[in-house]
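I set down here what I looked up in this structure, entry by entry, with the cut-offs beside the terms that need them.

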Amino acid sequence: MTPKKPDAPQDLEVRLSRTRTLSGTETDAWYGPGQGDGLHYERDLGDPGQYPYTRGAYAQMYRSRMWSLRAICGYGAPEDTREALQMASSQGLKQLSVVVDPLTQQGIDPDHPAFGPEIGRDGASVPTARDADRLLEGIDLSQTDVAWHSGPIAYPLVAAVARRRGMDLRQLQGSHMPDLLHQNVAGWGERVLPVDFANRITVDSIEYVVKHSPRWALGMPQAYDLRERGLTPAGEIAVGMAIVMATLEGLSARGMGIDDVAPSLAWVSVSDIDFFEEIAKFRALRRFWARTMKERFGAQDPRSMRLRIACHTSGRSLVYKQPLNNLSRVAIQTVAALLGGVQSLDCCTFDEPIGIPTHEARELAIRTQQIVAHEVGVARTADPLGGSWYIESLTDRIEQDARQHLAKIEEIGLLRAFREGYVERMADEQNLVVERELDRGERVVIGLNRFVPEEEPAPRRFQFDMRRTHEHVQRLVDLKRTRDNTLVAEHLRRVFRAARAGENAHPAWIDALGVDATLGEIWGTLRMASGLPFDAYNTVQAPFSLD
């Protein structure tokens, strides 16, 4: 079959390039009452702040409390990221966000011989509690909401810092993303992060935090990465709900009820470029969540049914060429997220396709939210598009599609669906559809396959002093040599024994960080207790005997 010849750019100036949503749902030329004949207001919508929370989690929405305005910071050594946080705070942010680099995420120390140039390139390198303390210097952990864009490694680090400062963990404020199952699709794979190991660590993390730090929020599931990997909005809801339900069942087996856990959870989502589809997705997600918590798990606490959503605009939607065009994309995604009723929002920077965001780009991302908050008017009323025949039709369609996807996943079994690649195939199939549509010109992305400049000047790139990163790694090497290694070994054995016995290893994990064990050593110990090699890359051996 001969590929369709792409339309000439001038053709796109006089007609639409596409009538389907980003995920492929065909839309009508217009919508009227017929599309909403089966809609029952109290059952399917409700007032904002009322079950099933389709129209918003709170009655007054942003009139009573603004969403949390955030901007992600994270690169280089801990000191680099601390300076970025201070700069973001000076630009008007009260809530801070930290992203750690992939090595820290995977529990790999920066002196690992198989790595080097990756250290601090896509987030902060934070291998020890001392490093976390450096990063958080000057921040009151009981008053400042610091969101960690990382898996379960973040909370033990912060808890160890809090103990160094003499804090009660019950006063600890912040959040992290304990969901490790999504990483099996979003980056790590079964070899690095086996599904059963991931599920166990996730359940351990949530159980410990809920019992010991009630002011700490849990970004669960981490559905942002699932969408960026390729899932549709309906797929995001289906896979995310499957992860949540499997985790809740694991916690139930440990004696924790739904109303003990669900109020601490916040869905980590994305606002992509299809404006109306994303608004409808947030509405469908809240309704799906509320009904599941009430009907399947028997929730009684309204906080369990009233889903909070932490949102980020879509990094995947941004284009390398003419990066200033990304400012328009981010602004549109920001408005969609707020019309959809999210509780927390990070805006991407226009230069993310190029590399680490520059300080100027981060400030523009902050100002985008501030302009939308105080000038545009989208925050004036709750669910301003509620009742739109088009929005309600899209909301219903996304929820129906999500239920169909979830039924198939449950038929297979969630862990098996991850282990055997079913969820990954969901993303791959959608990615293939997108690529074919881009190639045929059926999907237009400005600067990528239409209106592409032939030449443009090389973009400015963010520069940071790698000498500080090298000093950071050397500091870790020196710490491993000068600390009390007998004490470290004993604490790692406690981690090993707890995990091997099927206990929650978080108490021993936090204690080990307190005596200067590293994340790499602790993570490797947890792996060995689960019958896995100490190092997923088969390069480093356990530094101490654990038997």
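I take helices (H or I, at least four residues) and strands (E, at least two) as DSSP runs, numbered from the N terminus. On that basis I find 22 helices and nine strands in the chain.

Basis of the entries. I am working with a predicted model, in which local features need pLDDT of at least 70 and side-chain atom pairs count only at pLDDT 80 or more, while totals for chains, interfaces and linings use all residues. Residues are numbered from 1 along each chain as its sequence is written, and side-chain values use heavy atoms, with hydrogens and water left out.

Overall form. The chain has 23 Å, which agrees with a compact globule, because one of 547 residues would have a value near 24 Å. Along the principal axes, the C-alpha atoms fill a box of roughly 75 × 60 × 50 Å. Counting as buried what has under 20% relative accessible area (1.4 Å probe, protein chains only), I note that buried residues make up 59% of the 547 residues.

Helix H21. I asked which residues of H21 (residues 506-514) are buried. They are His506, Ala508, Trp509, Ile510, Ala512 and Leu513. Taking contact as heavy atoms within 4.5 Å, I find that the cover over these buried residues includes helix H4 (129-135), helix H5 (154-164), helix H8 (195-212), helix H20 (485-500) and helix H22 (519-529). Just after H21, Asp516 takes a positive phi of about 80°.

Rings. I pair rings of Phe, Tyr and Trp (its six-membered ring) if their centres lie within 6.5 Å, with planes under 30 degrees apart counted as stacked, over 60 as edge-to-face and the rest as tilted. This rule gives eleven aromatic pairs, and Tyr31, Phe275, Phe276 and Tyr390 form one aromatic cluster.

Charges over rings. I require NZ of Lys or CZ of Arg within 6 Å of the ring centre and within 35 degrees of the ring normal. Lys294 has its charged end over the ring of Tyr51, 4.4 Å from the centre, and Arg403 lies over the face of Phe288, at 4.1 Å from the ring centre.

How values were computed: Buried means under 20% relative accessible area, exposed over 50%, partly exposed in between (1.4 Å probe, protein chains only). The radius of gyration is taken over C-alpha atoms; the globule rule is 2.2 Å times the number of residues to the power 0.38.
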